[in-house]
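Hi,

Here is the structure I promised to pass on. Have a look at it first, and then read my notes below.

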Amino acid sequence: MELVGVIITGIGVLFLFLGNFGILRLPDVYNRIQAGTKCTTFGTFFTVIGIGIIQPEWFWKCLLIAVFVMFTNPISSHAIARASKKSGIPLCDRSVVDQTREFEEKEEA
Amino acid sequence: MGDNNPHPILRVKNCLYLFIFLLSIWIILTNTFQYEELLTGILISFVLTLILNKNYQKLGLPPIGLKRLVYFIIYILVLLKEIIKANFDVAYRVLHPKMPIKPGIVIIKTELKQDIAKILLANSITLTPGTFTLDIKNDELLIHWIYVRSEEKGESTKKIGKKFEKYLKVVFA
């Protein structure tokens, strides 16, 4: 049972590592948030569940933590992205389309 | 948003759901069924229910029914599948030497009415491969897409939102 827990925690750590690697490699704020959100959700989920399997009496608490992380992680990334958009941080040069202006204009109409 | 002044029986029912939800969190956290612990939990859940009831009503959660529950479970399963796909997708893009990204910001439309349903949709879009929600306004969502496949509104709505929307529409009908 402990081995299973260690393997699952290991998978989680691997995904957390990939998320950090993505934050280093990708070109601008928005793409970095993509890596930051997805890999940390999965990574945290697996790490916490793995700990729950190693220590069975913590399992339900760990599951609760994992569910809360799954619900709150998108919200925090959304807040960061919206703030950076509002403060006018530009997209990187590889971007192909930006419909923000169209979206903003609708508000005034 | 739901009705501001729902039927009294419905209100009591909503209170009961909130109470059961809070109490189950308490039981998970304390991890015992001892008499004193349970009593404290019931007391605290009851007080919190009274305080939070008004905010909870504002969310406009629908009454629980069998069909809704089944669709909600299907929605959760689809979401889990998408989360797993999303992680391998990001891992692939990050590890690929040339980084196959084509980022952009697009608008999609939603047919959902309630705020809570829109929050769920926006959160699920954030957790699915290559997309996350920047902003919501009325029935439109601003989406950042790491690999833009279509710039036209209808087309991108179909590609990003539809797979969740069809379940959420039944849950919040």
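Strand 1 of chain A and strand 1 of chain B pair in the parallel sense, over 2 bridges. Strands here are DSSP runs of E with at least two residues, helices are runs of H or I with at least four, and both are numbered from the N terminus. Two strands count as paired if DSSP finds at least two bridges between them. In general, strands of a sheet pair through backbone hydrogen bonds, either parallel or antiparallel.

Before you go on: this is a predicted model, where local features need pLDDT of at least 70 and side-chain atom pairs count only at pLDDT 80 or more, while totals for chains, interfaces and linings use all residues. Residues are numbered from 1 along each chain as its sequence is written, and chains are lettered from A and ligands numbered from 1 in the order in which they are written.

Back to the sheet. Val97(A) has Gly104(B), in strand 1 of chain B, as its bridge partner. The open sheet has 4 strands in the order 1(A)-1(B)-3(B)-2(B), with mixed pairing. At its edges are strand 1 (97-98) of chain A and strand 2 (131-137) of chain B, each pairing on one side only.

**Helices on the sheet**

Helix 4 (residues 115-127) of chain B lies across strand 2 and strand 3 (140-145) of chain B, and runs at about 155° to strand 2 of chain B. Helix 5 (residues 153-160) of chain B packs on the sheet too, touching strand 1, strand 2 and strand 3 of chain B, at about 85° to strand 1 of chain B. These angles run from 0 to 180 degrees between N-to-C directions, using lines fitted to C-alpha atoms (for helices, over the stretch in contact).

Overall, chain B has 6 helices and 3 strands, running α-α-α-β-α-β-β-α-α from the N terminus.

**Where the chains meet**

On the chain A side, 39 residues are in contact with 34 residues of chain B; contact means C-beta atoms, placed from the backbone, within 7 Å.

Met99(B) sits in the loop between helix 3 (66-95) and strand 1 (104-109) of chain B.

Cheers

Key: Contact = placed C-beta atoms within 7 Å.
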